[in-house]
Amino acid sequence: MRLVILGGPGAGKGTQAQLLSQALALTWISVGDILRAAIAAQTELGQQVQPYVEQGQLVPDKIIIQLMRERLLQPDLAPGWVLDGYPRTAFQAEELDFLLDDLQQQMHRAIWLEASETELIQRSLTRARLDDTPEAIQRRIEEFHVGCSPLIDYYAFRDRLLRINANAPIEQVHNAILTQLGVTV
Ligand code: AMP
């Protein structure tokens with residue numbers, strides 16, 4: 001199964017992606033984690049993306065699309081994957097579909113973790129990541145609101161969207177996702 005997790009910063013994308021990857025034996029791909037690891041290792045990619053990530057701004061599409069192409073071509077993904085942090089815009093969603101067409105694969109469901117703005121800010125502030133400054137959090141929430149509706153529409157229009165209430169506790173959100181996916185574990 002191939003899944004995409006959508007939601008604002010702090011909506012629980014990483015947590016739910018990890019739980020899903022364990023429950024369904026999928027590879028969890030976190031774009032943010034790949035970028036942060038590249039920054040920590042000061043690779044060429046890391047140096048390119050560092051200013052954007054630190055300020056909570058979207059990394060240019062060209063870099064991210066190339067990164068995703070390389071990642072999805074790797075051989076550990078046979079049972080499927082759950083993608084956390086990509087796509088973030090309708091443009092990236094379209095690019096993902098083009099890439100999957102090339103690979104003769106398809107993405108099954110986009111899971112939208114819907115949480116209130118108060119909840120998003122609260123959760124981001126209690127998380128101790130270096131790029132979680134109040135300014136970066138605010139910027140990521142704004143960026144999410146701008147990019148979000150066309151992205152949600154993209155998947156809704158193609159009948160691939162699952163809407164999940166993400167204000168609920170972690171386990172409840174996880175179970176709601178499994179129920180909506182129609183899987184029993
Ligand atoms: P995250 O851990 O998903 O909140 O991502 C942290 C940061 O990585 C974001 O604030 C962006 O700077 C960058 N980033 C992650 N995913 C993407 C994406 N799909 N497109 C552009 N930038 C991204």
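At 39% relative accessibility, Asp33 is partly exposed, a class that lies between buried (under 20% relative accessible area) and exposed (over 50%), computed with a 1.4 Å probe on protein chains only. The model is predicted, so local features require pLDDT of at least 70 and side-chain atom pairs pLDDT 80 or more, while totals for chains, interfaces and linings use all residues. Residues are numbered from 1 along each chain as its sequence is written, and side-chain values use heavy atoms, with hydrogens and water left out.

Asp33 pairs with Arg36 in a salt bridge, defined as a side-chain nitrogen of Lys or Arg within 4 Å of a carboxyl oxygen of Asp or Glu. The closest N and O atoms of Arg36 and Asp33 are 2.9 Å apart. Both residues belong to helix H2, residues 31-40. Helices (H or I) are DSSP runs of at least four residues, numbered from the N terminus. Three residues separate Asp33 and Arg36, about one turn of the helix. Arg36 is also partly exposed, at 24% relative accessible area.

Asp132 takes part in a salt bridge with Arg127, with the closest N and O atoms 2.9 Å apart. A salt bridge also links Asp132 to Arg129, here with a closest N to O distance of 3.7 Å. Asp132 is buried, at 9% relative accessibility. Arg127 is partly exposed at 29%, and Arg129 is partly exposed at 27%. The structure contains 13 salt bridges.

Technical notes. Helix = DSSP H or I, 4+ residues; strand = E, 2+ residues; numbered from the N terminus.
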